[in-house]
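Please open the structure in your viewer and keep the selection panel at hand. The tour below goes from one selection to the next and says what is found at each stop.

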Amino acid sequence: MTFLQPFMLAALPLIGLPILIHLINQRRYQTTNWAAMMFLLAANRMSRGYARLRQWLILLARTLAVAALIFAVGRPLASGWLGLAAGGRADTTIILLDRSPSMSQRATGAGASKLETGRRQLAETLETLGSSRWVLIESTTNQPRELTSPKSLLDLPYAEPTSAEADLPAMLEAAHDYIKANQTGRTEIWICSDLRENDWRVDSGRWDSLRESFTELPQGVRFHLLAYPDAATDNVTVRVTDIRRQQTDERSELLVSLALSRGKADGKATIPLQFDIEGARSELAVDMVGSKYELKDYRIPLEGDHERGWGRVSIQADSNPADNAFYFVFDQPLMRKTIIVTDQPQAVWPLELAATIPPSPSAEFAAEVVPVQQLASVPWEQVSLLIWQARLPQQEDAELVRAFIERGGQAVFLPPHTPGDETLFGVQWASWVDDGEELPIQSWRGDQGLLANAMSGESLPVGDLHVRRYCTMSGKSTALASLRDGVPLLARATTDQGGVYFWATTPAPSDSSLAADGIVLYVAVQRAIASGAEVLGNTRSLTAGPPPAGVPTGWERLSGAETALSTEYPFHQGTFAAKDRLMAVNRAVGEDEAAVLDEARVAGLFGGLDFSRVDDRAGSLKSLVQEIWRLFLIGMIAAMVCEAALCLPKLRRREGAPT
Amino acid sequence: MFPDSQPRSFLDPQVIARLAAVPLCARWPMQGNVSGRHPSPHRGASVEFAEYRKYVPGDDLRRMDWRAYGRSDRFYIKEFEADTNLRCCLVLDTSGSMDYGSDGVTKIEYARRVSGTLSYLAAQQGDAVGLCCVAEGVVQNVPPRRNPAHLMHVFDVLDKTTPEGPTQLVPVLHELAETIEQRALIVIVSDLFVEPEQLRGCFEHLRFRKHDVAAFHLLDPRELNFEFYRPMRFLDMEGGPSVFVEPNEISERYHKALGQYLNEIRELVLESAVDYHRVSIDEDYEKVLMRFLVGRTRARGVR
């Protein structure tokens, strides 16, 4: 049990007051002459068990009445889990609100989502507990916002659900920065989340530094986690994996590829799909047997002159309405241009070939070999991929490459004939290694990157490759494929936007079998081109979150995001127009995965900190804390009534009446 | 009323005047030494016919019923009831406990009023009055006499007696049962703080001696109610040990002991035919005495 006014408990010694009064009363006796001593002596000889017990009971009732009054004034709270954690009024209460789409999940039979339930419970609890200052850090901007009262959580637009992922470490960093900047007093941090792994990013190295930095805070910070870990097993998600506009002789059509997934695969289920192309709707019912379903290139005819537009795929309502629709925009396919900078044109010829062979007849691909000196004349706004097989660029050239990458472009660097000491994106070529033997690829990442598995789940034949000569690299990078002893063959540099890859060898026959076994090379190049092409053209598909560089401002809503503020459009799924560009915003891939952190891992994240947790479920009506001073008042009254009843003299017959 | 013109604090002439209308009667035949208004166990010369009996030589020929001889040709003696006075012996408890009174009047004062008034009433109708003050033993004993001067002596003793010492009522009553001549009226005025079983022996002894026993059981209202609200230290008025008591704690048991005692007393007086009157001393003694006198009037006439 905890108390809102714990200092009132300092009056607890007053419960000894009845005992003290009793003892004083015993001392203040009167003396009188008495004739009928024989009755007093007889009474003393009788059993005094009940009388003595009654005296003790009266004393106990008085003590309890005083104790109940003191406890009632202390404003006790009925809460099992909060009891040890809370206590006293906090100076600052920081609320970390997970607004990710998974928080829109509703429990079976419940009307309120996890986010709505959490907001209501937080509002009630924090209103009860009280604080000098309330600060909201929500998951989209991670910016601290001061609240006038916890009740404002109920109608604050910044507390509504979004389609953007949450980044709990970043939110905690923002909370830490706020505490440090404002020099707050005793601070409590309330986290409302559904413990999704993608939101909590437990593998992030930031958790260690967060723990240390919170531990170092002198004022003491308490963490309260209001968790909704229940995942809906009957939830179905829809995601468009590819959208292409295709022009045939007779008509133009839209090829839509999509994926459905659901929590449990219990038998066959018919899922009605609704396609909405700028208001024109069509439906398709698909039978889903397993937990995954993929629809490839479903053709939707377009009107003849309909070159660009937007649309939506939706399924029927289920437990989580936030993942029942997926928005897309389409346009005529652009030419996918690759710029190759090399000092050995022969060595990159296979790359040029891989960059110009289109995967489908309708797409146009082009590659141009450019010397380093003409780099400034390249129309970068049309380039999807930069292949660089020369000494790393410096100064103006490096700035051009950086600008291209920040715009969202992709770059693949191959080792030059003679490595220099230049550094780009934190990576530097070291020296060539030739052991005179063919080295196999020992490991590679099939879950992401250029060598990721195909959509069917099959891996690329990376293991068939052999490397005869490779160039070592130094610097900070993430290896996507490695030779023996962990020597990186393909590495990715860390960038905010775009993608920068470093191959440790070239496709030249003397260096590797990349050209001979060209599948891996072709797929890797095409994937890099596809990624780079996403940011080109007049349409763009974005993941909900802060808009990347190069995206124009002044968005206008076309569909979706009905209740969103215009300033929050990038965080809500829907289609938007800005200047002459169309943008589709959708939730992140990780939101479709129902992986939830287990209790031990969460406890481990807050190891060494003052942390308490309560699990609840969506739609729960119970309060986290409840004031129970009324119960104590009732108890006090009951104790007083008992005391009065015990003190009442027994009704007697008038045996002393004269005859 | 007061020949020596000394007003007595325990006598109220108006009360006596009102009570004088009711005679003090004996419930059983008394054995006095002069003619009086009470039935006697012997034949006498009153106007009340008793019986005929056969003439035996030596009988007084004046008591022969000649008319009966004329009718039956046999000699019969006509006998009449004898009326006598009574000897009223007042046994006054003067132990320390009689000094208690919660409402201004102590039990000894109340006892004085009862005893004094009864003495006067008895003397006025020609009965002999005696007084025996009892505490640890017989403190003062005034044998029954019937002249007014003796009454003044009784009043003086009543006036001067002081309550002190423990009660030895039981041996004194046994002693009085033996020493007082048979067929007297014994009036006990006491708080009777004695074990009822011991009293039983006394009363039966007195009845065995054919005494008419009456008892005024004086109790203070506070002794009956025991209304105390604070811890008290009770000092025994008869010199016993003091007792510290939490009234709330002991009240119930006190009443239980008191009730048990009163029940035993009631059974006891019924079985031993004692004219028993429990008196709360806040009650008007005139009413108590009136009740006493009227009650005895109803029981009169048994020979």
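Helices (H or I, at least four residues) and strands (E, at least two) are DSSP runs, numbered from the N terminus. The model is a predicted one, in which local features need pLDDT of at least 70 and side-chain atom pairs count only at pLDDT 80 or more, while totals for chains, interfaces and linings use all residues. Residues are numbered from 1 along each chain as its sequence is written, and chains are lettered from A, ligands numbered from 1, in the order in which they are written.

**Stop 1**

Select A:Gln395, which lies in helix H9 (residues 395–406) of chain A and has a positive phi of about 50 degrees although it is not a glycine. Most residues other than glycine have a negative phi. Is A:Gln395 buried or exposed? A residue is buried if 20 or more other C-beta atoms (placed from the backbone) lie within 10 Å of its own, exposed if 12 or fewer, and partly exposed in between; A:Gln395 is exposed, with 8 such atoms within 10 Å. Next select A:Asp297, in strand S13 (residues 292–302) of chain A, where the phi is again positive, at about 50 degrees, in a residue that is not a glycine. A:Asp297 is exposed, with 12 other C-beta atoms within 10 Å.

**Stop 2: the sheet of chain B**

Now show the six strands of chain B that form an open, mixed sheet in the order S5-S4-S3-S6-S7-S10, where two strands count as paired if DSSP finds at least two bridges between them. Strand S5 (138–145) and strand S10 (275–280) are its edges, each pairing on one side only, and the twist from one strand to the next averages 15 degrees. Strand S4 (residues 128–134) of chain B runs antiparallel to S5(B) and is joined to it by five bridges; within this pair, B:Cys132 stands opposite B:Asn141.

**Stop 3: the core around B:Leu90**

Select B:Leu90, which is among the residues that touch the most other members of the largest nonpolar core, a set of 87 residues. A nonpolar core is a set of buried Ala, Val, Leu, Ile, Met, Phe, Trp, Tyr and Cys residues joined through C-beta atoms within 7 Å. Helix H3 (residues 107–124) of chain B supplies the largest share of this core, nine residues. Leaving aside neighbours within four places in sequence, the contacts of B:Leu90 include B:Leu118, B:Cys132 and B:Val187, a contact being two C-beta atoms, placed from the backbone, that lie within 7 Å.

**Stop 4: where the chains meet**

Display both chains: the contact takes 38 residues from chain B and 29 residues from chain A. H8(B) gives the most to the side of chain B that touches chain A, with 13 residues. Strand S2 (residues 30–34) of chain A runs parallel to S8(B), to which five bridges join it, and A:Asn33 stands opposite B:Leu235.

Key: Axes fitted to C-alpha atoms, helices over the stretch in contact; angles between N-to-C directions.
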